[in-house]
Amino acid sequence: MNRHEHWQLDPTLDFLNHGSFGATPRVVLAAQRAFQDELERDPIEFLAPERSLNPKLDRVRQVMADLVGANASDLAFVRNATEGVNAVLQSMPLQAGDEILVTNHGYNACINAAEYVANRSGAVVRVANVPFPLRSADAVIDAIEREINERTRVLLIDHITSPTGMIYPVDAIVDLAHQAGARVLVDGAHGPGMLPLDLNALGADYYTANHHKWLCGPKVSGFLWVAPQWQEEVRPTVISHAANRSQPDRSRFLAEFDWTGTYDPSPILALPTAIDFLDSLAGDGIRGLMNANHSKAIAARDIVVDALGIEVPVPDAMIGSLVAIPLPMTSQSPVQGEMLQQRLRECYRLELPVVPSPAGDAWLLRMSLQAYNDLDQVHRLTDALSRELCLG
Ligand SMILES: Cc1ncc(COP(=O)(O)O)c(C=O)c1O
């Protein structure tokens with residue numbers, strides 16, 4: 001694929017970091033701009049929820065619900081996964097002595113949200129230490145099993161971990177948590193567009209995700225799925241009109257999240273264009289694209305681990321299109337973590353993060369592979385790594 005035809009990415013940059021903020025195709029940005037123009041031509045008609053906004057949001061909600069195997073009535077829009085996690089945790093009736101269980105691969109912003117509500121209520125955040133590298137998904141279950149107990153009220157787990165790109169065995173974790181009487185909040189920031197989802201079948205209590213990462217939607221938008229039994233309880237982080245004004249055609253849950261004050265709904269409204277675009281890229285639609293991105297990620301990882309002379313850190317089945325590779329750095333290596341990331345960008349025009357491992361005992365190189373990436377970029381990366389790390 002000629003990436004510059006469809007994406008605005010700087011042609012002088014090898015952009016291997018789709019995972020952080022995504023990258024939005026030209027056709028999607030054009031659709032977003034068209035919505036913004038329409039809004040500015042007739043602001044009241046466009047933005048007043050009871051006029052044309054609610055029906056427009058509901059159409060997108062149905063598209064998303066079909067994509068992620070959910071009922072549209074369970075799917076609210078949020079700005080991003082951080083907001084979704086905050087809304088759920090801040091709504092939970094926690095008491096002193098309760099525990100929120102997270103893992104050491106969790107996303108810092110979301111762990112902070114857990115710490116914040118714990119501090120307010122006298123609850124405690126407990127951390128399950130998942131090893132990395134690991135040989136099987138059982139290691140994730142074992143780590144959680146060791147820490148879950150009768151005080152655990154909620155597990156906050158990633159679907160795909162941010163620093164290490166691992167797909168957690170969410171269905172097994174949900175079973176384990178429910179047996180222990182705890183709810184499960186899945187931080188699926190990377191989920192939609194990277195993995196096929198069936199939220200009704202998954203059985204979690206809450207699932208939040210971003211549209212601007214692997215669905216290539218405009219920045220910013222995401223969703224928060226809440227199981228029907230918790231929808232009365234979950235409130236947005238910003239309280240607005242719908243708190244005391246019911247709407248005839250929707251639950252308070254949807255009405256409150258759909259309007260948290262004046263905002264630009266164009267990123268949400270352009271989402272179907274993004275999904276259609278991704279659908280058109282591979283023969284068998286978006287599912288074909290997910291498979292192609294996965295295969296590319298595995299191929300890219302193999303090129304890098306071969307060049308570094310290290311073992312594959314995680315089984316292929318636990319990888320989507322985000323891979324993390326431990327770097328063979330010692331305190332004698334000429335460059336260290338963040339410095340390497342900076343040099344890759346400044347000296348080689350390679351954009352990708354180098355992050356500390358969850359245990360803090362290694363530096364990880366994190367690569368994202370989207371439709372616009374190719375393996376030539378990965379070969380340029382290994383050439384740069386060989387020089388920077390003085391390999392062979
Ligand atoms: C696992 C995970 N959760 C949450 C987020 C936060 O995403 P956002 O800043 O869009 O809320 C990220 C971002 O990379 C992430 O990787």
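**Where the two domains meet**

Guide: Let's start with polar contacts: between domain 1 and domain 2 there are three residue pairs of that kind, with both partners at pLDDT 80 or more. That cut-off is there because this is a predicted model, and side-chain atom pairs count only at that confidence. As for salt bridges between domain 1 and domain 2, the count is zero. On the domain 1 side, helix 14 (285–308), strand 9 (322–326) and strand 12 (363–368) each bring at least two residues to the face that touches domain 2.

Now for who is who. The domain assignment puts 3–16 + 284–388 in domain 1, and 28–274 in domain 2. Domain 1 is therefore written as two stretches of the chain, with domain 2 numbered between them. Taken over C-alpha atoms, the centres of domain 1 and domain 2 are 27 Å apart. At the contact itself, 23 residues of domain 1 meet 28 residues of domain 2. Interface size is often quoted as the accessible area lost when the parts come together. Here domain 1 and domain 2 bury about 2,100 Å² between them, and 68% of that is on carbon and sulfur atoms.

One to zoom in on is R349 with D10, where the closest N and O atoms are 3.1 Å apart. R349 sits in the loop between helix 15 (337–348) and strand 10 (350–351), while D10 sits in the loop between helix 1 (3–6) and strand 1 (14–15), so this pair ties together parts that are 339 residues apart in sequence.

The UniProt record, in an unreviewed entry, lists residues 52–303 as "domain: Aminotransferase class V". Over residues 52–303 the chain is 42% helix and 15% strand, with 51 Å between the end C-alpha atoms.

The peptide bond from F132 to P133 is cis, with omega near 0 degrees, and P133 lies in the loop between strand 4 (124–128) and helix 8 (138–147). Another cis peptide bond joins K219 and V220, with omega about 5 degrees. V220 belongs to the loop between strand 7 (206–210) and strand 8 (222–226). C216 is in the loop between strand 7 and strand 8 as well, and C216 has a positive phi of about 60 degrees although it is not a glycine.

Methods: Residues numbered from 1 in each chain as written. Predicted model: local features only at pLDDT ≥ 70, side-chain atom pairs only at ≥ 80, totals over all residues. Heavy atoms only, no water. Contact = heavy atoms within 4.5 Å. Buried area = accessible area lost by both parts, 1.4 Å probe. Salt bridge = Lys/Arg side-chain N within 4 Å of Asp/Glu carboxyl O. Polar contact = N/O pair within 3.5 Å; in protein donor to acceptor, adjacent residues only side chain to side chain. Helix = DSSP H or I, 4+ residues; strand = E, 2+ residues; numbered from the N terminus. UniProt positions renumbered as here; feature names shortened; annotations may be inferred.
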